[in-house]
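Colleague: I would like a close look at one part of this model. Please take the packing inside it and walk me through what surrounds it.

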Amino acid sequence: MSTTDPRAKLPDAPLADNERLKYQSQHLRGTIAEDLKDGMTGGFNGDNFQLIRFHGMYEQDDRDIRAERADQKLEPLKNVMLRCRLPGGIIKPEQWLGIDKFAGESTLYGSIRLTNRQTFQFHGVLKDNIKPMHQWLNELGLDSIATAGDVNRNVLCTSNPVESGLHKEAYEWAKKISEHLLPKTRAYAEIWLDGEKLHSTEDLVTAPLADSVKSGDATEPVLGKNYLPRKFKTTVVIPPHNDVDLHANDLNFVAIEENGKLAGFNVLVGGGLSMEHGNTKTYPNTAREFGFIGLDKVLDCAAAVVSVQRDWGNRSDRKNAKTRYTLDRVGVQTFIEEVENRMGTKFEPLRPYEFTSRGDRIGWVQGEEGNWHLTLFIENGHLLDYPGRPLKTGMREIAKIHTSDFRLTANQNLIVADVTPSEKDAIEKIAREHGLISNSVTPQRENSMACVSLPTCPLAMAEAERFLPSFSDKIDEILARHHLSQEHIVLRVTGCPNGCGRAMLAEIGLVGKAVGRYNLYTGGNREGTRIPRLFKENITEPEILDIINQWVGAWAQSREANESFGDFSVRTGIVKPVTNAPRDFWA
């Protein structure tokens with residue numbers, strides 16, 4: 001089937017303005033270099049406001065002081081947030097020391113944030129520090145290419161600190177996929193590195209592309225001159241642990257093990273969580289199963305899926321431009337057949353797999369090779385020195401003595417990986433002295449997550465990160481009241497419906513509607529394979545806590561053996577389960 005198949009054709013409609021700016025950007029260069037010299041504003045002008053996203057940055061300002069600055073006739077305190085490209089979340093201790101130094105000396109907030117995209121972010125970088133930041137990252141062997149914008153973003157990989165052999169194979173594929181799908185334009189190096197080589201990609205080897213995949217644009221053979229219709233997210237997942245929340249992503253490679261080795265991957269396509277309040281044309285959805293592929297076809301498959309979405313995705317309505325909407329419009333089987341055509345082989349039948357867990361294994365776990373792995377719970381992924389809990393300093397001290405690597409998880413936590421028996425006690429001592437290990441962290445807290453939201457995110461409608469700690473205390477009180485202190489509910493809070501906190505894969509999800517008000521969802525499951533349903537709209541924290549108290553009381557009284565709260569809420573009719581039929585979400 002060709003890319004002109006009538007089932008893939010969209011109704012005639014004007015292109016979104018983002019398509020114009022990408023086309024006119026000279027392969028993502030725009031006038032960013034000139035804009036950096038403009039001292040009249042701390043931000044970026046015109047199209048550059050959007051184009052810097054392809055370089056891994058978002059322009060933000062501190063909304064807590066926006067009104068105060070307006071009263072003083074000052075523009076908002078504009079700065080950028082940068083997200084590093086870190087496939088699989090692995091970073092070396094010497095790199096950690098470098099990012100710690102930059103965060104402390106050259107950002108407004110001094111913090112390092114671990115994101116659920118399995119990487120770190122700098123927040124509060126002023127304009128004069130942006131170019132030095134990229135050059136500093138490059139010296140560390142890092143970059144921020146394609147961690148935002150209409151491209152394939154940071155590729156996630158199950159952290160899996162136990163099965164180290166299988167994890168190593170899967171991680172290598174996460175790196176290869178990331179590199180294969182990177183933008184090929186030299187814009188990043190020209191603007192930020194004065195045309196020098198990128199240390200993180202200088203040894204990059206790109207596999208050849210089939211003609212059916214090529215875009216026709218010589219500079220960008222996979223992504224095309226206009227890049228993708230919307231952001232695109234990819235994961236590599238090792239069952240039975242779904243710690244990357246695969247159903248939040250466009251393209252997923254589920255590792256299949258045979259005789260202790262990686263045999264290939266089941267491929268799932270079209271997951272995604274973003275929506276818009278009240279807009280029934282938008283909805284979260286789980287990914288669809290396409291089939292199994294061997295290792296020799298992984299990169300061909302990745303490029304084929306991306307190129308079909310490139311050619312068939314909606315470039316007129318960005319709210320309906322993600323891969324899941326393309327699948328629903330043209331039909332899953334039609335999409336599969338085109339992917340098979342472009343990668344030059346057919347999918348084999350799916351191999352058996354199952355997910356049984358999702359959260360990180362907090363604490364020490366011994367790997368199959370005898371070394372130890374310490375997973376540290378970092379609430380909201382926010383590493384800063386707090387009174388009595390100098391977390392950021394603690395990580396710096398561990399990085400000074402650790403001889404292997406760190407792994408950032410998709411749940412905003414951090415693994416000190418491959419700790420030798422001889423260094424285990426010293427690392428634990430540092431972690432405890434700096435509050436990185438605490439016996440007071442409850443199972444509920446470990447299984448709760450929030451997006452950054454206010455004060456820096458321009459899309460935030462309500463608090464999330466700053467709201468969650470005290471809200472978690474209250475949920476712990478409710479669980480204790482009903483004698484369930486050792487239990488947990490997968491809880492997610494997001495400041496808006498764009499999905500960054502993955503509330504649409506939670507057992508209980510709160511989605512910001514206005515300051516102090518949230519939509520309350522329930523009915524997801526612990527494994528992260530079911531979308532929750534709206535229970536009540538636009539309610540306050542006291543109302544939410546009252547409802548949850550009633551739910552937990554009923555759960556304590558009438559749950560079945562080992563029944564999770566999400567399954568209980570569906571079985572007892574609190575909500576009907578959301579099926580894969582997209583419109584069912586709004587029913």
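**The nonpolar core and its surroundings**

Modeller: This is a predicted model. Start with the largest nonpolar core, which has 102 residues. Within it, W96, F120 and F253 touch the most other members. Helix α9, residues 298-312, gives the most to this core: 10 residues.

Take W96 next. Leaving out residues up to four places away in sequence, W96 touches I91, I112, L114, L383 and M395, and also R396, A399, F406, L408 and L414.

Five strands make up an open, antiparallel sheet, ordered β3-β16-β17-β12-β11. Its edges are β3 (90-91) and β11 (363-366), and each of these pairs on one side only. Inside the order, β16 (residues 405-408) and β17 (residues 414-419) run antiparallel and are joined by four bridges. R407 lies opposite I415 of β17. Helix α13, residues 421-433, packs on this sheet. The helix touches β11, β12 (372-376) and β17. Its direction makes about 155 degrees with that of β17.

T147 sits in the loop between α6 (127-139) and β6 (156-157). Its relative accessible area is 1%, so T147 counts as buried, the cut-off being under 20%. Beyond its neighbours within four places in sequence, T147 is in contact with G56, R83, C84, R85 and R153.

Conventions. Residues numbered from 1 in each chain as written. Predicted model: local features only at pLDDT ≥ 70, side-chain atom pairs only at ≥ 80, totals over all residues. Heavy atoms only, no water. Pairing = 2+ DSSP bridges. Helix = DSSP H or I, 4+ residues; strand = E, 2+ residues; numbered from the N terminus. Contact = heavy atoms within 4.5 Å. Axes fitted to C-alpha atoms, helices over the stretch in contact; angles between N-to-C directions. Core = buried A, V, L, I, M, F, W, Y, C linked by side-chain atoms within 4.5 Å. Buried < 20%, exposed > 50% of the residue type's maximum accessible area, 1.4 Å probe, protein only.
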